[in-house]
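Please look over the sequence and the model shown here. Then read the short report below them.

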Amino acid sequence: MDETLTLAVDCGGGGIKASVLGESGTMKAPAVRTATPYPLPPDLLVGTIKELASHLPRAERVTVGMPGMIRHGVVIATPHYVTKDGPRSKVLPELVEKWERFDMRRELSEALQMPALVLNDAEVAGAGVITGQGLEMIITLGTGLGNAVFDGGKLAPHVEISQGPVRWGLTYDDYVGEHERLRLGDTHWSRRVRRVVGALRAMYLWDRLYLGGGNSYRITPGHRAKLGDDVVIVPNDAGIRGGVRAWQL
């Protein structure tokens, strides 16, 4: 019997990448990637995903992870994609209006002619790494901060930690995002990551925390050793590899 193939798309603040996965999560083709275009209205993101899909084997369904608050495939808020030039640039009111309550799942399903699942990008990444035992949390470190929580392998309602205030008027997105990492250097930035982990540990009391995203490997060895035995650093491709398991959550 032929296996069901899943087109998995990981939409970030700086890049969008996609691959096709078999039922076990194995990539059936090398991932393809493009820079995230800005300004980015919804139809452009749908078109970009469709273009990436044209370079990959045909799949039967699609999983898309994107930043922000996504409920049942509908965009409630997506802070990066309402800006003129990307994260930390000017917010465009017309983009805020276009993205608000945009039914990304429906539009993608129609554009690609296949069933679609649209989640927060950290939720998809978490699906790719959790064991399904106890309370597990994932934090993704990239352009900003992403997060998701799973209880006994089931996805918990999303809380957009990235937009919470930390200090000096900065949000978590600002505090440990790529802009601050470049400004501070990896050592000082890694200290900030440890502070964030410590603060969230007291709030969530997880059994295990996963650190993913493109910058997780930039945490310096000294700070990595002090994160705690309950913290696991996972590969950046979890945002794609979780595309199959996400359908089971």
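This report covers a pocket, some aromatic pairs, a helix and a sheet.

## About the model

This is a predicted model: local features need pLDDT of at least 70, side-chain atom pairs count only at pLDDT 80 or more, and totals for chains, interfaces and linings use all residues. Residues are numbered from 1 along each chain as its sequence is written, and side-chain values use heavy atoms, with hydrogens and water left out.

## The largest pocket

The largest pocket holds about 670 Å³ of space. A pocket here is an open set of points on a 1 Å grid over the protein atoms alone, where a 1.4 Å probe fits, with protein on both sides within 12 Å along at least five of seven lines. Its volume is the space filled by probe spheres set on the points, which are joined across faces, edges and corners.

The pocket is lined by 38 residues, each with an atom within 4 Å of a point. Closest to the centre are Gly12, Gly13, Gly142, Thr143 and Gly214. Elements that give two or more residues to the lining include strand 2 (15-21) and helix 9 (238-245). Helices (H or I, at least four residues) and strands (E, at least two) are DSSP runs, numbered from the N terminus. The lining divides into 9 nonpolar, 22 polar and 7 charged residues. Asp, Glu, Lys and Arg count as charged; Ala, Val, Leu, Ile, Met, Phe, Trp, Tyr, Cys and Pro as nonpolar; the others, Gly among them, as polar.

## Aromatic pairs

The whole structure has 4 aromatic pairs. Rings of Phe, Tyr and Trp (its six-membered ring) pair if their centres lie within 6.5 Å; planes under 30 degrees apart are stacked, over 60 edge-to-face and the rest tilted. Tyr38 and Tyr81 form a tilted pair, 6.4 Å centre to centre, with 55° between the planes. Tyr38 lies in the loop between strand 3 and helix 1, and Tyr81 in the loop between strand 6 and helix 2, so the pair ties together parts 43 residues apart in sequence. Ring pairs link Tyr38, Tyr81, Trp99 and Phe102 into a cluster.

Tyr81 is buried, at 0% relative accessibility. Buried means under 20% relative accessible area, exposed over 50%, partly exposed in between (1.4 Å probe, protein chains only).

Helix 3 (residues 104-112) has Met104, Leu108 and Leu112 as its buried residues. They fall within an arc of 40° seen down the helix axis, so they line one face. The arc is that of the directions from the axis to the C-beta atoms.

An open sheet of 3 strands has the order 5-6-7, with antiparallel pairing. Strands pair if DSSP finds at least two bridges between them. Strand 5 and strand 6 are joined by 3 bridges.
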